[in-house]
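Please read the following report with the sequence and the model side by side.

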Amino acid sequence: MIAALAFYVFAAILIASAVMVVTSRNPVHSVLFLILAFFNAAALFLMAGAEFLALILVIVYVGAVAVLFLFIVMMLDIDFVQLRQGLQRYAPIGAVIGAILFLELLFVFGSWQFAPDVAMLRLNAVPIDPALSNTEALGRLVYTDYILLFQIAGLILLVAMIGAIVLTLRDKPANSKRQDIAVQLARAEAVALTKVPARTGLDKLGIVRRKLPEPPKPKKVAHEAHGHGHHDQEEGGHH
Amino acid sequence: MNWTLILPELVLALGGLVILAAGVLPRRDTSFAINMAVLGTLLVTAVLVLSQPEGVAFLGQYVSDAFTKFMKLLVLAGAALGLLLAMDWNVKEGLSRFEFPVLLLFSSLGMLIMVSANDLITLYLGLELLSLSLYVIAAFNRDSERSSEAGLKYFVLGALASGMLLYGSSLIYGFAGSTNFGRIADAVGTTDGTPFGLVVGLVFVLAALAFKISAVPFHMWTPDVYEGAPTPVTAFFATAPKVAAIALLTRVAAGPFGELVEQWQQVLILASLGSMILGALGAIGQRNIKRLMAYSSIGHIGYALMGLAVASEIGIRSLLLYMAIYVFTSVGTFAVLIAMRRNGRALEGVEDLAGLGRTDPAMALGMTVFMLSMAGIPPLAGFFGKLYVFLAAVQGGYWTLAVVGVLTSAISAYYYLRVIKVMYFDAGTALDPRPASLSAVLAGTGLFTVFFFVFPAPFLAAAQAAVAALLG
């Protein structure tokens, strides 16, 4: 009884927050609703006895992916109103295509037929050895039975990484400032340690603070203004 | 677990990792050494493939037999030739970074995995490993707007195709309860009638694979991507990945869905007819020779698919032969396109070949051989490719396919002959001297194309063994 009630509560919140992800006007709200949806899905996994998946969902999707989404949404200055501009114009044709696809899927699943052995397989609620824990069972699948596929997936990620570096990394030693630890250490004698008596300012010791440069004027495209500007500050400002 | 069976893939993967690590070491221009290392790794892998025992490994996810051997050797040959074509070009265009050969190596690994796939998941992962590498090398000239556009376009449409493949796979899995090809074949064999959901899944998978081989109606990306990508990359796109995708298509059609011949046959017949017609008509108005080759490749895929569409042993044998001949002829043609350079600038127009007959008779002769072979003029290799395919279609009683094939061959002869006419009868200035690597590739593929009719027997025997293993 309580389990059924919990299921419906979690499922209802999950669906509602999923709807809000799509319809919410503010993209930050969308991401927050997405996180809520992940939590509810994790709860559903827990109720189904898949505790490993539930925790992984929270750790990976909430902990990493959703936060990444949030960063991207906040950092990229995407004009969502502009993105939706064609919505009304294209909505009818989208609806027609969607309806046709929906009818087709209805037709497919309405006349769904299983292979003879598979019908038996479906009735078997727990396909794995009940003596194994979730984590062990998954580990056996991923690292023993499907080790080949696991390794290929790793190579795919490696290629994705190489690709990202090849297509975006630019070595411009002339324009970028890198940290050179040796140089920093060698500058130790240039740094004077001064004991400043309490309640006196730097001014009384004759140390004049450098004026900070003017902040760059805000440009129209906000994300272009990031990244620059930090280099303009003098390195000597720390002393 | 019989993991030693995947020794060729293992060596290729580890070789790739070592070469990648060596490339990252900060030393001055190591690109030539890296290119040679990748070529060597491909060669070693080919030797290992030749000596690979037959069998199934990893719970049936991986298979090795005469069919995979034939296709893998073809893929490795295409990849090695593609790298040879790219070496000099990359230096001249300022693209000689070590990542290019490494990505080419990983894409070859993806193709080997595709060819050996005996499970829907292996199929998908191999395809993704290949595709991801191809997206990157399509956009490798990142400062060129057209190259970036080609990469992006290929990526977006490729992702769509991957989605279709996964959706179709999920329907098949839903029906059969397993992703293994053998188990799917059992499930299909023991079911009465043809389940509708399974057919929908099969069509989705076929559509995704048709996208990879750029068969009509999934060809739209081909001309733009071929034109935008750097020319050696285009040469690579047109050869090895198509062989791998055709191998996959053949295995999926003949293996797990062998019982559903009537279902996939209709799809393939339509794709074959459409590709032949579009390839012939689309290329007529093209001024850019890379676009012309794109349409030509669509047409050739149409002829190759005809072999599979007739769904017979002799048909699949003709398909394998067609792909082998197509790879070498294409590589030769692209060697000429890559050598098209005047005052250090790469050229892409058909009319830029003008006067080649006088300024560089050897290359003009090579190009003539390749064009005539593609048009299917005897006694060149391309003629035999088409002959076997048409024979298979006629023997199976598929007269429409054969007649359309002959007609479109006649139409496509027009634009192939136009290239020859431009070379010999139009006036033009000399091209830059071509590098030695291109000359070697030109000579090798040219000799193969000309003298194929002298020694077709070993190729026929190899293809026959491959088909026997496939249909088992």
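The report below goes from the contact between the chains to helix packing, and then to charged residues and backbone details.

This is a predicted model, in which local features need pLDDT of at least 70 and side-chain atom pairs count only at pLDDT 80 or more, while totals for chains, interfaces and linings use all residues. Residues are numbered from 1 along each chain as its sequence is written, chains are lettered from A and ligands numbered from 1 in the order in which they are written, and side-chain values use heavy atoms, with hydrogens and water left out.

**The two chains**

The size of an interface is often given as the accessible area lost when the parts come together. Between chain A and chain B the buried area is about 3,100 Å², and carbon and sulfur atoms give 76% of it; buried area is the accessible area (1.4 Å probe) that two parts lose on being put together, summed over both. On the side of chain A, the residues that lose the most area to chain B are Leu148(A), Val159(A) and Val166(A), together 18% of what that side buries. Counted by residues, 33 of chain A are in contact with 42 of chain B, where contact means heavy atoms within 4.5 Å.

**Helices that pack together**

Two packed helices are described by the angle between their axes and the distance between the axes. Helices (H or I, at least four residues) and strands (E, at least two) are DSSP runs, numbered from the N terminus. Axes are lines fitted to C-alpha atoms, for helices over the stretch in contact, and angles run from 0 to 180 degrees between N-to-C directions.

| Helix pair | Angle | Axis distance |
|---|---|---|
| Helix 2 (27-47) and helix 3 (51-75) of chain A | about 175° | 9 Å |
| Helix 3 and helix 4 (99-115) of chain B | about 165° | 10 Å |
| Helix 14 (313-339) and helix 16 (361-375) of chain B | roughly 140° | within 9 Å |

Angles under 35 degrees count as roughly parallel, over 145 as roughly antiparallel, 65 to 115 as roughly perpendicular and the rest as oblique. Helix 2 and helix 3 of chain A are therefore roughly antiparallel to each other, and their contact has 22 nonpolar residues, no polar ones and one charged residue. For these classes, Ala, Val, Leu, Ile, Met, Phe, Trp, Tyr, Cys and Pro count as nonpolar, Asp, Glu, Lys and Arg as charged, and the others, Gly among them, as polar.

In chain B, helix 3 is likewise roughly antiparallel to helix 4, and helix 3 passes helix 4 in a right-handed crossing. The contact of helix 3 with helix 4 of chain B has 12 nonpolar, three polar and one charged residues.

Helix 14 of chain B is oblique to helix 16 of chain B, and their crossing is left-handed. A crossing is left-handed if the near helix is turned anticlockwise from the far one by less than a right angle, and right-handed if clockwise. The residues of helix 14 of chain B in this contact include Thr329(B), Val336(B) and Leu337(B), and those of helix 16 of chain B include Met363(B) and Phe370(B). By class, the contact of helix 14 with helix 16 of chain B has eight nonpolar, five polar and no charged residues.

**Charged residues**

Side chains of opposite charge can pair when their charged atoms come close.

**Backbone details**

The peptide bond from Val216(B) to Pro217(B) is cis, with omega near 0°, and Pro217(B) lies in the loop between helix 8 and helix 9 of chain B. Another cis peptide bond joins Pro378(B) and Pro379(B), with omega about 5°.
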